Amino acid sequence: MSKYQEALSKAMSILAEDPKCLFVGQAVAYPGTGMTTTLTGIDAGKLIEVPVDEDLQMGMSTGLALQGFKPVTIFPRWNFLLLATNQIVNHLDKLKELTNLETPPTVVIRTGIGSISPLDPGPQHKGDFTEAFKLMCPNLDVVRLDDASQIIPAYEKAFFRSDGVSSLIVEWSDKYYE
């Protein structure tokens, strides 16, 4: 296990200690992606497996936050997350303006830049839209994790913040196996 993947596993364990934490996504409760490996040891009751419907997943995660949960919603690659852009740009990013809540609840969005090694998955699976989302979502904290030392502080800040700002955290899939 790389230092990067080890730090991600540790960060997810820290978040999972919160009784309101839920992990939502595809290949969350069942194996399927590198991100699945970072949830090993997490209580199965905190893992919500959803069908391949990214827009639904993001809307559901926002709804869970509005009901008092603290969702970490997982999209294994940016190219999948693009299908949830409506919910992120038009709803989550505008939550404070759309509600009468002074401090709206937050969602942590987890995504990755697709790996190119050992097999290049092609252009539809290795995009990096970090800068575009920073422009589209002025109320969202968008952070790319370039180094393992950033991981735990970034996830702790995103999860435990109390200012009503949701976070989009971008991982490098290739760094899981360095």
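Where is the place of Ala27? Ala27 sits in the loop between strand 1 and strand 2, where helices (H or I, at least four residues) and strands (E, at least two) are DSSP runs numbered from the N terminus. This is a predicted model, in which local features need pLDDT of at least 70 and side-chain atom pairs count only at pLDDT 80 or more, while totals for chains, interfaces and linings use all residues. Residues are numbered from 1 along each chain as its sequence is written, and side-chain values use heavy atoms, with hydrogens and water left out.

- Ala27 has a phi near 60 degrees, a positive value in a residue other than glycine.
- Most residues other than glycine have a negative phi.
- Ala27 counts as buried because its relative accessibility is 12%; buried means under 20% relative accessible area, exposed over 50%, and partly exposed in between (1.4 Å probe, protein chains only).
- Thr38 lies in the loop between strand 1 (21–25) and strand 2 (47–49).
- Thr38 is buried too, at 1% relative accessibility.
- The side chains of Thr38 and Arg110 are joined by a polar contact of 2.8 Å. A polar contact is a pair of N or O atoms within 3.5 Å; within protein, one must be able to donate a hydrogen and the other to accept it, and residues adjacent in sequence count only if both atoms are side-chain atoms.
- Setting aside neighbours within four places in sequence, Thr38 is in contact with Gln5, Leu8, Ser9, Met12, Arg110 and Tyr176, contact meaning heavy atoms within 4.5 Å.

**Helix 1**

- Glu6 belongs to helix 1, which covers residues 3–16.
- With a relative accessible area of 47%, Glu6 is partly exposed.
- Glu6 and Val24 are 18 residues apart along the chain, and their C-alpha atoms are separated by 20 Å.

**Cysteines**

- Cys21 is buried, with a relative accessible area of 0%.
- Cys137 also counts as buried, at 1% relative accessibility.
- The count of disulfides is zero, a disulfide being a pair of cysteine sulfur atoms within 2.5 Å.

**The largest pocket**

- A pocket is an open set of points on a 1 Å grid over the protein atoms alone, where a 1.4 Å probe fits, with protein on both sides within 12 Å along at least five of seven lines; lining residues have an atom within 4 Å of a point.
- The largest pocket is lined by 17 residues, and Thr33, Gly34, Arg77, Ser115 and Ser173 lie nearest its centre.
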